[in-house]
Amino acid sequence: MVEQASSGTNGRSASAEGVGRFAGAKVSGCIVTLQPPPNLLGMSGSVSTMVDQQGAKKEKEYRLIDSVLAGNREDFHELIAPYRRGVYLTAYDVLQIEADAEDVAQEAFLKAFRALRSFRRESQFSTWLFRIAINEARMKLRKRREVPLETLFPDDDSENSDYTPMMLKDWREIPSEALLNEETRRLVRESIAQLPEKYREVLTLRDVNGKNIAETSEILGISIGNTKVRLLRARLMLRDIFVERTQRKPKQQTPRGVSP
Amino acid sequence: MKLDCKHIWRELSNYLEGEVSEEVRRDVEAHVAQCRHCAALLDSTHNVLVLVADERRMDLPIGFNARLRERLEREMSISGPE
């Protein structure tokens, strides 16, 4: 049914790797505890090495762009290859329907090809590309005319307004075994789907695709401060939705194929 | 400076990013050490984000790359970049 992830491992059973991205995460007993500040960027190596690598990547991209503009259209495939997955995931998180996400991803790449001459090279190619993808996804969503979920949550990103997280009795409990099973993946997907659109966007860019704050704000066309506030909301809301959904589940494991 | 719970919630995201000053980091950790609710909030938010990061490995639909390539080939042969 599915194409394997780029790595050799089974893409759906690699939770341990996911946890590893946060150097601080440790499974102890029933609770996954937080060790001193985890670095969400999961970066390793020196800053200068990173800058060198990014510089080389940028140069290669510019070479490919020049080549495509000079008529070597084949090179466009190589240019976009590193971003196929990210663009699809972003579209999927916004739209929540596979076929729509694929359409949007194709449209976005096509649009990028046609507009390639207008790419000013002031931002990264990927930032420009993701902005096109987000816009395509938004347009698709408008066409679907979904009932807006925004009303469920306060729609105010001003720095002064606070989002108050739910106070649940047992909210510490996210069982460690939950990190490893398929049911949890489904719950995560459903929880993301339940977020209002603008929170889904910021969350998929930053926390799913690993874009940094600056890139995320550039793609969304909002300020860094606003991005941070929106991201905080998105994370707290997602946690609330997820915890609520997890606790709604009966304690006893239900037989396969029978929904709780 | 002592932080109250609301301050912690406001800093939570930045704290998880490692994007707070040394002073705020110490304040957050001091608060969390004595506030069960905020400790739980921080833990569980972190855990959910670990799960979310795992979504990155979600499988592409089968044939996605082939269909994309085919579509691009078709359209690119009609017209180049404007």
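Guide: This is a predicted model; local features need pLDDT of at least 70, side-chain atom pairs count only at pLDDT 80 or more, and totals for chains, interfaces and linings use all residues. Residues are numbered from 1 along each chain as its sequence is written, while chains are lettered from A and ligands numbered from 1 in the order in which they are written.

Visitor: In chain A, where is confidence lowest and where is it highest?

Guide: pLDDT is the predictor's confidence in each residue, from 0 to 100. Helices (H or I, at least four residues) and strands (E, at least two) are DSSP runs, numbered from the N terminus. Confidence is lowest in strand β2 (residues 25-28) of chain A, with a mean of 35, and highest, at 96, in helix α3 (residues 75-80) of chain A.

Visitor: Which elements give two or more residues to the side of domain 1 of chain A that touches domain 2 of chain A?

Guide: An automatic or database domain assignment sets the bounds: domain 1 (48-144) and domain 2 (152-248) of chain A. Twelve residues of domain 1 of chain A contact 13 of domain 2 of chain A (C-beta atoms, placed from the backbone, within 7 Å). The elements on the domain 1 side are α4 (84-95) and α6 (125-144) of chain A.

Visitor: How many residues of α4(A) are buried?

Guide: Buried means 20 or more other C-beta atoms within 10 Å of a residue's own, with C-beta atoms placed from the backbone. What covers the buried residues includes α5 (98-114) of chain A and α4 (64-78) of chain B. α4(A) is mostly covered, and its buried residues number eleven of twelve.

Key: Two residues are in contact if their C-beta atoms, placed from the backbone, lie within 7 Å.
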